[in-house]
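Trainee: I've got a model open and I'd like to learn how to read it. Can you walk me through a few features?

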Amino acid sequence: MRIVQITDCHLHADPRARSRAGFPLRQLEAVVNAAIGEHPDLVLVTGDISQDETAASYELAHGVLSRLDCPWFWLAGNHDQPQLMEPVKAIHREVDLGGWRLLTVDTSVPGQAHGEIGETRLAELVERLGADDRPTLLAMHHPPLVLGSEWLDAIGLKDRDVLWQTLADFPQVKMILCGHIHQALASHRQGVAIYGTPSTTDQFLPGSADFAIDEASRPGYRIVELADGEWLTWVERVDL
């Protein structure tokens, strides 16, 4: 099973709109074209599809992502409006990967940049985890750990410690994929691997106390290969 993770597209209704370092729609097209060449079984888009929170931005994203010749799924980030995403393409809570399960966790908080799972969504996650003991991959937008980047940590997952207390009872959770951080990340906590992935558009400078763009880094995506409870994963960058 080969998964490609794409994240943080930040599209506008205007297809010609610029970001700080490029053109988000053009960059997403380049990433998707590269992802097609990886022959994935599944593509997962981990939030912040939109920048301006418009229906038109989701239609643009859908048009590009529909070029994929495999199933693809998306979830909401802090810039997204789920009520606008759902009519374009449903947000899936669970995907059967054969020997693995993929569960999506909504960390978005309306009107806020930070993330929070909250009691209700956490209870739902516990119920879903208790229903199956297959190796499990969680996907969420906000990273469930401190990065050491002051401004990013201020808008991270506020109830991450509660999440980790909960996950202690579910050793089948092997891996977490997240977005939001616009940079590659490989870490771990409590025996769970945590991976962050470059944005399809602007990259953030790692370790920066204040907001800063990493102009030396290119857009990219992550590949995850799953087999028999084990995995391989790496990041690929895209030339524009």
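Mentor: Start with strand 9 (residues 192–196), which is mostly covered, with 5 of its 5 residues buried. Keep in mind that this is a predicted model, where local features need pLDDT of at least 70, side-chain atom pairs count only at pLDDT 80 or more, and totals for chains, interfaces and linings use all residues. Residues are numbered from 1 along each chain as its sequence is written, and side-chain values use heavy atoms, leaving out hydrogens and water.

Trainee: What do "strand" and "buried" mean here?

Mentor: Strands (E, at least two residues) are DSSP runs numbered from the N terminus, as are helices (H or I, at least four). Buried means under 20% relative accessible area, exposed over 50%, and partly exposed in between, with a 1.4 Å probe and protein chains only.

Trainee: Which residues of strand 9 are on each side?

Mentor: In a regular strand, side chains alternate between the two faces of the sheet. Here Val192, Ile194 and Gly196 sit on one side and Ala193 and Tyr195 on the other, and all are buried.

Trainee: Which strands does strand 9 pair with?

Mentor: Two strands pair if DSSP finds at least two bridges between them. Strand 7 (residues 173–178) pairs with strand 9 in the parallel sense over 4 bridges, and methionine 175 has alanine 193 as its bridge partner. Strand 8 (residues 185–189) runs antiparallel to strand 9, joined by 5 bridges; there, alanine 186 is partnered with tyrosine 195. Strands 8 and 9 form a hairpin with 2 residues between them, and glutamine 190 in the turn has a positive phi of about 55°.

Trainee: And how do I read a pocket?

Mentor: Rolling a probe the size of a water molecule over the atoms shows where empty space is left. On a 1 Å grid over the protein atoms alone, a pocket is an open set of points where a 1.4 Å probe fits, with protein on both sides within 12 Å along at least five of seven lines; lining residues have an atom within 4 Å of a point. Grid points are joined across faces, edges and corners, and a volume is the space filled by probe spheres set on the points. The largest pocket has a volume of about 340 Å³. It has 21 lining residues, and the closest to its centre are His10, Arg20, Gln51, His79 and Phe204.

Trainee: What is the volume of the second largest pocket?

Mentor: That pocket holds about 220 Å³. Helix 4 gives the largest share of its lining, 3 residues.
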